[in-house]
Amino acid sequence: MSAPWLTLVGIGEDGVLAPGGADALARAEIVYGGTRHLELAGEITAEKRTWPSPFATVFADLAALKDKRVAVLATGDPMWFGIGASLLKHFPAEDLRVLPSPSAFQLAAGRMGWALQDTECLSVHGRPVDLLRAALYPGARLLVLTSNGETPRQVADLLADEGYGRTRMTALEHLGGSRERRIGGTAEDWSQDVADFHTLALEVIADPGIHFRARTPGLADEAFRHDGKMTKQDIRAVTLGELKPYPGALMWDVGAGCGSVAIEWLRAAPRTRAIGLEPHSERRQMAAENAVALGVPHLELKDTTAPAGLEGLPTPDAIFIGGGLTADGLVDGCLKALKSGGRLVANAVTLESEAVLLAAYQHLGGDLKKLSVHRASAVGGLTGWRPLMPVTQWSYTKP
C-alpha cells in the first residue's frame, strides 16, 4: 500500500497545529486552506493555495496532484462536519492521513461544562436552520456550528416560533483564540451582535403549554398540512414500525402525498434520506412545506409517477407504496429496485389495491394484515365509536 499523499491538518484559533502537523506542512509541496487558516499557520515554505470558487472544483484540482505531497488546513477536527467527509466522497481513505485538533464541539462543551456524550452536536453551516426543528425537546442541550453572525438571530426566531422562546442561547466566539468571547441571552430577547466565527450553545426550555413533537413515529395529523388524503396517525405509526428506519438509510415514498410517511422516516433516525414521488403539484408543495416545518427540509420530491419514475433513482433500503398500487408493474418494479434485505411496505384502502397485495402475499409471503382504528366521538349527548376506513397492509423483506 502506498503512503497517503493527502494530509489533513487540524488547526486551532490560536494557530496551534495538530500533533504532527508542523512536520506535515514542512514536507508538503502544496498546502490548501482558507485565508484565515493559512495566516494562522504562520510561515509555510510550500506553495499556498486558497479554496477555489466554486468550491466543488477543488476535487478535480486535488485529483491532478496525486503525485505531489499535499496538505490541507482545516479548523479543529476535519472529520467532524469538516472537509474530511467531503474529501472521502472523492478519494479512498488510503489516500488520506488525518491529524485532528480539538473540535469546536469539544471546546464548546468544555466552556459550557457539558458532558459531550449527553449533548447533541449539529451543523447548520451552509445548511437550513430549519434542521434544528427536529432536534428540539424540553431540556435538550445542543451545540451548533453556524454559517455566520446572522445565524443566532435566525435560530432565535425559529426557537420562538416553535414554542421554545425561553431557551438560553450562548454564542462562543473565536474558541481557543485571543479574541475568545462569550455572549448569552434568551431566544425571545436575542438582539446581540455576534462574530461570524462562533459556535452556538442552546439550553432548550419549553414555553408553558407547548405541544411537544416527539421523534418517534405517530405525529398528530394536525402537524401536517394536507388535503385529507394522507396516511393517518395510527396507521402511519404502524407503517413506520414496519419500514424500520435506521441511520443513513434511504427510503422511496411512492405516492408521497403531503409527505407524512417520508417526513416521519427522516425524523426517526439520523442521516436518513427520503425521495418522495408525487405527480400532483399541490401535494408536492404541501410536502415541501411540511418538511421544512418539521425539521427535515432535505426531503427530496420528484414530479413523477411509478413505475416509470423509478428509473435512475439511487438504490433504496426501504420502499413505501402509499398510492398507485393498481398501476401495471408497480410492485414488481419496486421489488426489483429494492436492495437485498430491504423492506417494502404497501397500504391499500380499496378492494382493487387490496387484491394486488393479496396476490403479492400469496406469491412471495411476507406479512398481510388488516388495520382498523375507531375513535370516540359524540353520539347525541353520549359517546360512541366511529370507525376510520380500514387499511390492508403488506410488508415484505427482500431475500
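## Overall fold

The protein chain has 11 helices and 19 strands; these are DSSP runs numbered from the N terminus, with helices (H or I) of at least four residues and strands (E) of at least two. This is a predicted model, in which local features need pLDDT of at least 70 and side-chain atom pairs count only at pLDDT 80 or more, while totals for chains, interfaces and linings use all residues. Residues are numbered from 1 along each chain as its sequence is written, and side-chain values use heavy atoms, leaving out hydrogens and water.

Along the principal axes, the C-alpha atoms of the protein chain fill a box of roughly 80 × 55 × 35 Å. Of the contacts with a separation of 6 or more, 65% join residues 24 or more positions apart; a contact means heavy atoms within 4.5 Å.

## Burial and surface

Of the 399 residues, 46% count as buried (buried is under 20% relative accessible area, exposed over 50%, partly exposed in between, with a 1.4 Å probe and protein chains only). The protein chain exposes about 19200 Å², and carbon and sulfur atoms supply 52% of that area.

## Two residues

M79 is found in the loop between β4 (70-75) and α4 (83-87). M79 is partly exposed because its relative accessible area is 38%.

E352 lies in helix α11, which covers residues 351-364. E352 counts as exposed because its relative accessible area is 54%. From C-alpha to C-alpha, E352 and L175 are 62 Å apart in space, and they are 177 residues apart in sequence.

Key: Areas by Shrake-Rupley, 256 points an atom, 1.4 Å probe, with all protein chains shown as cover.
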